[in-house]
Amino acid sequence: MTTNAPAASGRVLPTLNEDGSRRWIRPKPSPGKFWQRRRVVAYGLMFVFCAIPYIRMNGKPLILLDLPRREFTLFGTTFLPTDTLLLMFLLFSIIIGIFLLTALAGRVWCGWGCPQTVYLEFLYRPIERWFEGGRSGSLQMDREHARGQLHPRRLAKYGVYLLLSLFLAHTFLAYFVGIDRLVQWVQRSPFDHPTSFAIMAITTFGIMADFTWFREQTCLVACPYGRWQSVLLDRQSLIVAYDRNRGEPRGRGKDRAGLGDCVDCGACVITCPTGIDIRDGLQMECIHCTQCADACDAIMDRVGKPRGLIRYSSRAALEGERVRRLRPRVVLYPLALAIALGGLAYTLATRAPADVTVLRGLGEPYVIEPDGHVANQLRVKITNRAGGDRVYRVSIEGAPGSDVIAPDNPMPVAAGQTGTMTLFVMLAPSAFHDGERDITVRISDGAAFSQGVPYRLVGPESDEHDDQQHREDPKR
Ligand code: SF4
Ligand code: SF4
């Protein structure tokens, strides 16, 4: 028994039929001037994406996001989890940069630079069109698919997709494990490294599923950026838009008396990779890819009308308002961006080659040794940011006559790693005033790094010490 789902009463996503089933989008390419430029940008970005794992800067990978070790190398600089301020400035810079770019140029990132658009529109879809015979061929195979038939050419396409996804997954993972480790993974049997093999298989599956099945839905339902547009765009922001004043009333036919320039041919709709009709106005689903602008320009050429019925414009310009390049967000965002980038540059320039924390030992604050000395336990935590392995020596200043017991001193720490050294500082009780003694813990690597950390030792108060001496020697 089959049941029909009730039809939606309102507007549904362009990738859904009214009963909620998937509507496959098979856009027809529109090789106009924007498409030509986007193609150059897209293949340039693909090349950069594939080349980055092989590029080194300052002896390090250009980009390496080592999650297990929590190290992030960007352009030759390694960020550690303790670089809170740096990471905060970096994150702020990226977020404000996105805000600024959107305020100035709308969703230019979505249409021109986002990997989802770049790979789907300039790699996966062209392959699909080649195998399936263009839009009409794909639609025909969709109908066959609905009847349970899988065309051999579509099957072959999936084979090529799989190889492509494997390659992209390997390249993507090189950003996280480094190209050297990746080569080792590839050369060894999967049984020797089941975890890394599983990571690779899952990544390949994710890429394959995204570009084969999920496609434009990533932009429409998964990506949060599209949802921010209502606050990021203002009336002056650059958008891809249909000029309603010029196009309406739309209509077909040779007799165009009383009609606008839109000949209602639908070319802008069948070329749209998200399946929308730009003539309905600015929509969250529009990724500003300009395909409809190219499609419409070709139609305008054919009917002898000026190009640009669909073009880059702004809501204000289209509605005849004054175009204002200078507006509060265009001033405030660059200011905020300059502050964030300045903070990032300053923090980077003044960053020490090691991060040192001196902590009190666990348990009692101090212990009186049998020989009467006061022992304080310290823990010295050192994070090596020097870019190479280092050996750190810890010494005590400001406590003459003290003994330091530290079995791990000096302590080697590998680049980017953190080591903790435990040491005991032994001091005569007379060295304490009111139960305290200020000292400096000095950490040096024997080369450029030397840092003194002020520290307060604790010991017995004078009276407490006398009482204890008395208990130990009642004759006193
Ligand atoms: S392509 Fe241009 S002319 Fe054709 S329907 Fe779209 S807006 Fe109208
Ligand atoms: S409406 Fe035009 S610009 Fe927007 S996604 Fe569709 S084709 Fe691209």
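**Exercise 1. State which helices each supply at least two residues of the shell around ligand 1, and describe that shell**.

Solution. Start with the helices (DSSP runs of H or I, at least four residues, numbered from the N terminus). Helix 12 (267–270) and helix 13 (291–303) each supply at least two residues of the shell around ligand 1. Helix 13 gives the most, with 3 residues.

The structure is a predicted model: local features need pLDDT of at least 70, side-chain atom pairs count only at pLDDT 80 or more, and totals for chains, interfaces and linings use all residues. Residues are numbered from 1 along each chain as its sequence is written, and chains are lettered from A and ligands numbered from 1 in the order in which they are written.

Next, list the residues. A residue is near a molecule if its C-beta atom, placed from the backbone, lies within 6 Å of it. Around ligand 1 there are 16 residues, of which Cys262, Cys265, Ala267, Cys268 and Cys296 come nearest.

Last, sort by class. Ala, Val, Leu, Ile, Met, Phe, Trp, Tyr, Cys and Pro count as nonpolar, Asp, Glu, Lys and Arg as charged, and the others, Gly among them, as polar. The shell around ligand 1 has 11 nonpolar, 2 polar and 3 charged residues.

**Exercise 2. Describe the shell around ligand 2 by class**.

Solution. Cys272, Ile278, Cys286, Cys289 and Cys292 come nearest among the 14 residues around ligand 2. By class, 9 are nonpolar, 5 are polar and none is charged.

**Exercise 3. Describe how helix 6 and helix 7 meet**.

Solution. Take the axes (lines fitted to C-alpha atoms over the stretch in contact, with angles from 0 to 180 degrees between N-to-C directions). Those of helix 6 (residues 152–177) and helix 7 (residues 179–187) come within 7 Å and cross at roughly 125°.

Now classify the angle. Under 35 degrees counts as roughly parallel, over 145 as roughly antiparallel, 65 to 115 as roughly perpendicular and the rest as oblique. Helix 6 and helix 7 are therefore oblique to each other.

Then find the contacts (C-beta atoms, placed from the backbone, within 7 Å). His170, Leu173, Ala174 and Val177 in helix 6 meet Ile179, Arg181 and Leu182 in helix 7. These residues divide into 5 nonpolar, 1 polar and 1 charged.

**Exercise 4. Give the strand order of the open sheet and its edges**.

Solution. Strands are DSSP runs of E, at least two residues, and two strands pair if DSSP finds at least two bridges between them. The order of the 4 strands is 13-11-15-16, with antiparallel pairing. Strand 13 (411–413) and strand 16 (450–458) each have a single partner strand, so one side of each is left without a neighbour in the sheet.

Note on methods. Contact = placed C-beta atoms within 7 Å.
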